[in-house]
Amino acid sequence: MPASAAESVPFERTPLHDLHLRLGAHMVPFAGYAMPVRYPAGLLKEHLHARAAAGLFDVSHMGQIALRADDPAEAARALEALMPTDVVGLPPGRQRYGLLTDEAGGILDDLMVANLGDRLVLVVNAARKGADAAHLQASLPGAVSIEKLDRGLLALQGPAAEAVLTVLAPEVAGMRFMDAREIEVAGVPCLVTRSGYTGEDGFEISAPLAATEAIAEALLADAAVLPVGLGARDSLRLEAGLCLYGADIDAATSPVEAGLTFAISPARRGGGARSGGFPGAARILAEIQQGPARRRIGLLPEGRVPVRAGAPLFAAADDAVSVGRVTSGGFGPSLGAPAAMGYLPAAMTESGTRVFAEVRGQRLPAIVTGLPFVAAGFKRG
Amino acid sequence: MLRFTEEHEWLRLEDGIATVGITAHAAEQLGDLVFVELPKIGMQLTKGAPAAVVESVKAASDVYAPLDGEVTEVNEVAVSNPASVSADPQGAGWLYRMRLTDPAAMEALLDAAAYDALDK
């Protein structure tokens with residue numbers, strides 16, 4: 001065991017910092033914030049509880065940005081010019097997963113965009129919020145205002161999330177997956193979306209800073225809810241086959257390579273109503289047509305050894321040259337087995353293909369598999 | 001005799017054989033373990049070299065050999081049930097046993113009071 005390093009650098013605090021300490025969280029630095037990686041229940045219990053009942057996550061470190069224009073359609077058109085996403089066609093009260101791309105077709109960030117009628121609200125990755133704000137500032141016309149929202153953000157995830165949140169906000173029972181509504185939660189005006197990043201049904205609650213802790217405590221008062229740290233958030237999203245920006249996707253990865261073609265709206269594809277017109281369109285639309293050279297795949301290691309990010313992948317146990325690389329990996333608590341994601345040449349991405357991952361100098365067999373590893377529980381109906 | 005290392009291993013010496021594991025502090029820091037890899041019986045271990053691997057959901061950590069010696073026994077329960085190491089790291093969750101090349105070298109390691117006093 002390496003000796004642990006002292007962590008005395010000052011980090012930003014979320015509005016739940018004191019609550020995390022009272023709950024006994026193990027705090028770690030993440031994206032410039034002091035964040036709970038796990039609570040006393042431990043990562044495995046937290047993960048399994050979020051799949052079985054409900055988990056409460058502090059995601060206040062993520063960036064929340066409002067875009068406004070005198071004509072709301074102007075803000076939608078302007079944002080759409082930066083994304084292969086149908087923003088113009090996003091109805092009021094709905095949210096969509098989207099991507100900011102660059103001229104080379106790489107991914108600058110993945111984000112959620114909600115249409116609230118008079119404004120668009122984005123939720124972006126914590127590690128990218130500065131870069132995203134600068135990109136929007138540089139790219140959007142002056143008629144579109146950009147406001148960084150200083151608010152708390154809670155995620156309540158799991159099959160019991162609706163029953164729990166309904167007690168504090170009866171309207172949520174009528175929401176479908178990816179609905180976005182401004183409603184009161186425990187008497188506090190909030191923005192609630194029926195979404196998340198665990199593969200489970202659930203909600204994200206954007207709350208005023210001063211009220212975030214009281215809402216979190218009201219949710220935790222329900223016996224169905226356990227606080228869940230970043231550790232289980234990562235294992236939940238891995239099992240759900242969801243990308244982590246900076247690991248599975250980045251500016252060197254195209255949306256088609258990453259298997260995020262679903263996030264490229266039909267209206268923006270070849271033959272669509274507003275085809276192209278976003279950064280990197282030439283490459284991205286060509287890749288949709290012709291297929292990319294490499295693709296993100298799921299990997300199930302045959303043994304018990306977790307295969308982690310950075311592990312090179314080989315076509316044969318004794319090959320000298322690697323053909324790909326693991327970008328996320330570890331242990332899937334719901335699978336009860338190791339699981340990983342990575343990139344392989346397109347010709348090797350058929351489910352059932354056997355490849356070898358190098359871990360501590362050994363070549364370990366792993367089977368290429370479709371994603372997600374654990375089926376999603378979204379309420380689409 | 002019970003001794004500790006600055007790398008958060010413990011070892012207990014009985015009849016020239018040292019039982020080795022990770023400390024309660026290390027187990028707490030790692031969180032739930034999901035995989036344990038132990039050295040082969042008969043393997044010669046060198047002080048400071050990786051001897052075992054313990055993995056949580058999030059990360060893999062090497063467990064270094066605390067002294068020179070030869071592996072005489074491994075805890076198969078730790079391999080089949082890594083949670084047993086998390087639950088009782090300084091008892092039933094021991095990792096392996098080694099015959100020390102120089103049992104007297106134990107004396108130079110940290111005693112419980114010195115380990116507890118470390119700035120962890």
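Me: Which residues line the second largest cavity?

Reply: First, some ground rules: this is a predicted model, where local features need pLDDT of at least 70, side-chain atom pairs count only at pLDDT 80 or more, and totals for chains, interfaces and linings use all residues. Residues are numbered from 1 along each chain as its sequence is written, chains are lettered from A and ligands numbered from 1 in the order written, and side-chain values use heavy atoms, leaving out hydrogens and water. On a 1 Å grid over the protein atoms alone, a cavity is a set of points where a 1.4 Å probe fits but cannot get out, and lining residues have an atom within 4 Å of a point. That gives Leu16(A), Leu19(A), His20(A), Leu23(A), Tyr39(A), Leu56(A), Asp58(A), Leu220(A) and Pro227(A).

Me: What volume does the second largest cavity have?

Reply: A volume here is the space filled by probe spheres set on the grid points, which are joined across faces, edges and corners. For the second largest cavity, that comes to about 40 Å³.

Me: How many residues in the lining of the largest cavity are charged?

Reply: The classes go like this: Ala, Val, Leu, Ile, Met, Phe, Trp, Tyr, Cys and Pro are nonpolar, Asp, Glu, Lys and Arg are charged, and the others, Gly among them, are polar. Gln64(A), Val121(A) and Glu204(A) are among the residues lining the largest cavity. The lining splits into five nonpolar, four polar and, as for charged, one.

Me: And the largest pocket: how much space lies in it?

Reply: A pocket is an open set of points with protein on both sides within 12 Å along at least five of seven lines. The largest pocket is lined by 37 residues, with Tyr97(A) and Arg380(A) among those nearest its centre. Its space is about 860 Å³.

Me: What is the area buried between chain A and chain B?

Reply: Counting contact as heavy atoms within 4.5 Å, 21 residues of chain A touch 28 residues of chain B. Buried area is the accessible area (1.4 Å probe) that two parts lose on being put together, summed over both. Carbon and sulfur atoms give 54% of it, and the total is about 1900 Å².

Me: Which residue forms a salt bridge with Arg38(A)?

Reply: A salt bridge is a side-chain nitrogen of Lys or Arg within 4 Å of a carboxyl oxygen of Asp or Glu. The rule finds four across the interface of chain A and chain B. In the one with Arg38(A), the closest N and O atoms are 3.8 Å apart, and the partner is Glu28(B).
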